[in-house]
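This report describes how two parts of one protein chain meet. Please look at the sequence and the structure before reading on.

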Amino acid sequence: MSRPSRPVGVPRIDRFPLGARVRLADLAVDPYPIFAELREAEPVTWVPEIQRWFLTRRDDILAVLRDPDLFTTDAPSTIRDMFGVHMMTTEGPTQIRYKRKCLPPFHASRLTTTSLPPLVAEVERRVETMRSAARPADSGREGRWQAGEVRTGVARPVALHSVLSVLGIPLTETERVNEWYEHFARALANFAGDPDLRAAGKGAADAFGRALAPILEELEREPDGSLLSDLACDHVDPLTAEEIRSNALIILFGGIETTESMIANAVWALLSHPEQHPATRASEAALDLAIEETLRWEPAVQSAARHATRDTEIRGVRIAEGEVVHCMLGAANRDPAHFEHPDRFDATRRNAGDHLSFAVGRHFCLGAPLARLETRVVLETLWAHCPGLRLDPDRTAAPHGYEFRKPETVWVEWTGMSSG
Ligand code: HEM
């Protein structure tokens, strides 16, 4: 390792002037010019606003995420406080065991046989509901245009339905899950440490645990091929009730807003580039590649955080034991050292799949295959049922957010005639 590039003793605020200027509010609006500046001049930087390190070069981020001995998730964090120890907040054999136990329902073959038919039915139902609730678009425009909103009308309910189905939680629980989810989301974004928000989040996690017990008993009696059913019927080194609860919580939490955002971002990105539609629709492989490009260009999750297990250095910058390093995934995805013209959206980009939007290494996203499938089915269904689909020019909203990024709404419009 090289020596520290700047003398120790100089305040961090002076050593990292670009980092000192970073504001989460600006990142929420448009992080990419800020990432470009950091990547070029201060690729390892200290951000005083949150007292954490930021990494913006793809190589550095890969190195950190692939080194769980030195950069760990096994440390106190809000998500561990809320949900307990689960695959994302532990490392080593325990993490591998948790992930192995939860992986089978996310394998491509099982997704295709078990998850795809109900997913297609749910997406069609949601798109049809959007179409039947559609209102005529601005009458000043030519033709009979109908308008609907995709994020709340399609993306959110589809994400929720899919993750509940894969887990094996009855769909009659949807409303309660939605309520718990809102408490979790507020508690996890509780940077000011409000004790009431924390208590409400923990209360929701406990309520989830209580609701889980009878579901597991029922699934043990009548297995249905879901993840909870697998876990309830597992008699070889089975997970305890607490281990099932905490891992189910991270899957539930990890699968709702992220996927809703991924779908909303993909629809928004593709419809913002109508000139690229013919290429996207040329074949299944072309659509898959286009989805990877939407993930690269506008990832729903912008950072992966790791705690240094001992004093170390990255690019000559000293990181102290216990400090938190944020791997900025959206910055890695636009690193010109790996992606040509990185700010350009190119649905045919050959290496689009090299993005880090699902992270890499041991904590690579468990739900990535399901999220990709959901996005593909939504896009195919929208195109099939909504002729001439385009963004509503009067109601445009770009993705927004520092940690989770999505547009507030995705208003689209289509012509009056349909295949349905
Ligand atoms: C069905 C949907 C999804 C489910 C069930 C899910 C679940 C999970 C779980 C359980 C983990 C922890 C894995 C581990 O620690 O070994 C994880 C990690 C992750 N997921 Fe997902 N996820 C979903 C969708 C998404 C989407 C759409 C994105 C972003 C586009 C995303 C981004 C990530 C990232 C970046 C990580 C790694 C975090 C880290 O390393 O710190 N996930 N996901």
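## The interface between the two domains

The protein is divided into two domains: domain 1 covers 1–65 + 302–348, and domain 2 covers 66–301 + 357–415. The model is a predicted one. Between the C-alpha centres of domain 1 and domain 2 the distance is 27 Å. Domain 1 contributes 38 residues to the contact, and domain 2 contributes 38 residues.

The size of an interface is often expressed as the accessible area that is lost when the parts come together. Here, domain 1 and domain 2 bury about 3200 Å² between them, with 57% of this area on carbon and sulfur atoms. On the side of domain 1, Gln-302, His-307 and Phe-345 supply 24% of the area buried against domain 2, more than any other three residues.

Which kinds of polar interaction cross the interface of domain 1 and domain 2? The rule finds zero salt bridges there, but it finds 25 residue pairs in polar contact.

Several elements give two or more residues to the side of domain 1 that touches domain 2: the helices α3 (24–29), α5 (58–65) and α16 (329–332), together with the strands β6 (303–308), β7 (312–314) and β9 (324–328). The largest share of this side, five residues, comes from β6.

The table sorts the residues on the side of domain 1 that touches domain 2 by class.

| Class on the domain 1 side | Number |
|---|---|
| Nonpolar | 22 residues |
| Polar | nine residues |

How values were computed
Residues numbered from 1 in each chain as written. Predicted model: local features only at pLDDT ≥ 70, side-chain atom pairs only at ≥ 80, totals over all residues. Heavy atoms only, no water. Domains from an automatic or database assignment. Contact = heavy atoms within 4.5 Å. Buried area = accessible area lost by both parts, 1.4 Å probe. Salt bridge = Lys/Arg side-chain N within 4 Å of Asp/Glu carboxyl O. Polar contact = N/O pair within 3.5 Å; in protein donor to acceptor, adjacent residues only side chain to side chain. Helix = DSSP H or I, 4+ residues; strand = E, 2+ residues; numbered from the N terminus. Nonpolar A, V, L, I, M, F, W, Y, C, P; charged D, E, K, R; others polar.
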